[in-house]
Amino acid sequence: QPRGVERSGRMSTEHGGAFAKQLASNDKKTRDKAVKVVRKYLAARADPTPQDYLKLWKALFYCMWHSDKPLVQHELAAQLAALVHVMPTFEASAL
């Protein structure tokens, strides 16, 4: 089970901070691993709550912010854009 995600698929409040910290890490390898976890999380979730999306958006914002080199930002932007295609439902991908 990915850290920060409960068995039910919800972002846990207990580990959600750790999950967000991994996305906002200064270390690129840590951020890359966290983005892979986000991909798995979104692929497995059929009904994320708006609060889940807000937590995720904030963590992804800081993930991009800490990617301070142009090539790293370009790679991350492509990975984040591809996340839209991972979501299982149209309603989720429309958000």
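1. Read along the sequence, this predicted model follows the pattern α-α-α-α-α. That gives five helices and zero strands. Helices (H or I, at least four residues) and strands (E, at least two) are DSSP runs, numbered from the N terminus.

2. A word on how to read the values. Residues are numbered from 1 along each chain as its sequence is written, and side-chain values use heavy atoms, leaving out hydrogens and water. Since this is a predicted model, local features need pLDDT of at least 70 and side-chain atom pairs count only at pLDDT 80 or more, while totals for chains, interfaces and linings use all residues.

3. Now the protein as a whole. Buried residues make up 34% of its 95 residues; buried means under 20% relative accessible area, exposed over 50%, and partly exposed in between (1.4 Å probe, protein chains only). The accessible surface comes to about 6400 Å², and 59% of it belongs to carbon and sulfur atoms. Such areas come from the Shrake-Rupley method with a 1.4 Å probe; for residues, only the protein chains shown count as cover. Among contacts with a separation of 6 or more, 57% join residues 24 or more positions apart, where contact means heavy atoms within 4.5 Å.

4. Next, please look inside. The largest nonpolar core has 18 residues, and those with the most contacts inside it are Phe19, Leu23, Val38, Leu42, Leu56, Leu60 and Leu83. Helices α1, α2, α3 (50-66) and α4 (70-82) each supply at least two residues of this core, and the largest share, six residues, comes from α2. A nonpolar core here is a set of buried Ala, Val, Leu, Ile, Met, Phe, Trp, Tyr and Cys residues joined through side-chain atoms within 4.5 Å.

5. Leaving aside residues up to four places away in sequence, Val38 touches Phe19, Leu23, Leu56 and Leu83. Val38 and Leu23 are 15 residues apart along the chain, and their C-alpha atoms are separated by 9.1 Å.

6. Val37 and Phe19 lie 18 residues apart in sequence and 9.1 Å apart in space, C-alpha to C-alpha.

7. How do α2 and α4 pack? Their angle is about 10°, with axes 10 Å apart, so the two helices are roughly parallel to each other. Axes are lines fitted to C-alpha atoms, for helices over the stretch in contact, and angles run from 0 to 180 degrees between N-to-C directions. Angles under 35 degrees count as roughly parallel, over 145 as roughly antiparallel, 65 to 115 as roughly perpendicular and the rest as oblique. The contact is made by Lys28, Arg31, Asp32, Val35 and Arg39 of α2 and by Val72, Glu75, Leu76, Gln79 and Ala82 of α4.

8. Finally, compare two residues. Ser25 lies in the loop between α1 (16-23) and α2 (28-44) and is buried, with a relative accessible area of 15%. Trp65, in helix α3, is exposed, with a relative accessible area of 58%. Their C-alpha atoms, 40 residues apart along the chain, are separated by 10.0 Å.
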